[in-house]
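Me: I have a protein model open and want to learn how to read it. Can we go through it feature by feature?

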Amino acid sequence: MAANSLRPYVTETIVDPVAKIFIKIGISPNTLSIISCLFSIFAGVFYYLAGDNYFRLDASYYFLLVAAICVLINSGLDALDGAVARLRGIAGKKGDFLDHVIDRYADVFIISGIVFGGFCSWWIGIIALAGVLLTSYLGTQAQAMDIGRYYGGIMGRADRLIIILASSFADFAYIAWYDTAASFWGVSFLGWAMIIIAVGSHITAFQRIYHIWKKLDREDKDEKSRREAEG
């Protein structure tokens, strides 16, 4: 989770100052969450529209740029809703629950738009989406089992969004510069991004499974030792 290592710096220098502006305006964290979800829907729609004409170099490939901007706004608002709640002292379970639900819907909208747009094969999209949802589930399942929320592994949500954003802008820039669609072994930058996400997400899932299993195994051994000491 390379992006996570930058979280404290980004939060202090960018997120919190912007969050304070939203607090002054009077926008609630839940409103920001809902708006972020809307932009994820827009992103999915524009990825679909862009992909439908991408390899034909129709002028609508500009939809690719719009889709990337929507993803950028979605990720920004996703970071801000939590910051606003924290700075206002109203962070709670309901807001955390809503944030996770919206994040999962956003993942589905964005990845589905890329897949239905034809930037990658449908089976790669299914593998990627399954990996993304599974890694997110495992992160919260650890908390549900009272061993603490765990978001470790090589690829978190921030990493995925950075990869999608970088590849989207790369595809758009390639067309603008070379006047032809980027295609490496028949796959665009965004298509390769989905392959990376598909592989990286499942590696992350196995890393989290291993971590959780070790924690549970340690707890079982501690419980067994306690019972033997008492018995």
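Predicted model: local features only at pLDDT ≥ 70, side-chain atom pairs only at ≥ 80, totals over all residues.

Me: Which residues of H6 are buried?

Reply: Buried means under 20% relative accessible area. In H6 that list includes Ile124, Leu129, Val132, Leu138 and Ala142.

Me: Now the core. Which residues have the most contacts inside the largest nonpolar core?

Reply: Tyr47, Ile110, Ile114 and Met194, in a core of 29 residues. H3, H4, H5, H6, H7 and H8 each supply at least two residues of this core. Another core, of eight residues, lies apart from it, with Ala19, Phe22, Leu80 and Val84 among them.

Me: What does Ile114 touch?

Reply: Leave out residues up to four places away in sequence. Ile114 then touches Tyr47, Phe119, Cys120, Ile164, Leu190 and Met194.

Me: Which residues form the nonpolar patch on the surface?

Reply: Ile34, Leu38, Ile41, Phe42, Val45, Tyr48, Leu49 and Phe116. Together they have about 730 Å² of accessible area. Helix H3, residues 29-53, gives the most to the patch, with seven residues.

Me: Why does Tyr48 count as partly exposed?

Reply: Tyr48 sits in helix H3. Partly exposed runs between the buried limit of 20% and the exposed limit of 50%. Tyr48 counts as partly exposed because its relative accessibility is 42%.

Technical notes:
Residues numbered from 1 in each chain as written. Heavy atoms only, no water. Buried < 20%, exposed > 50% of the residue type's maximum accessible area, 1.4 Å probe, protein only. Helix = DSSP H or I, 4+ residues; strand = E, 2+ residues; numbered from the N terminus. Patch = residues over 30% accessible without salt bridge, like charges linked within 9 Å, V, L, I, M, F, W, Y side chains within 5 Å. Areas by Shrake-Rupley, 256 points an atom, 1.4 Å probe, with all protein chains shown as cover. Salt bridge = Lys/Arg side-chain N within 4 Å of Asp/Glu carboxyl O. Core = buried A, V, L, I, M, F, W, Y, C linked by side-chain atoms within 4.5 Å. Contact = heavy atoms within 4.5 Å.
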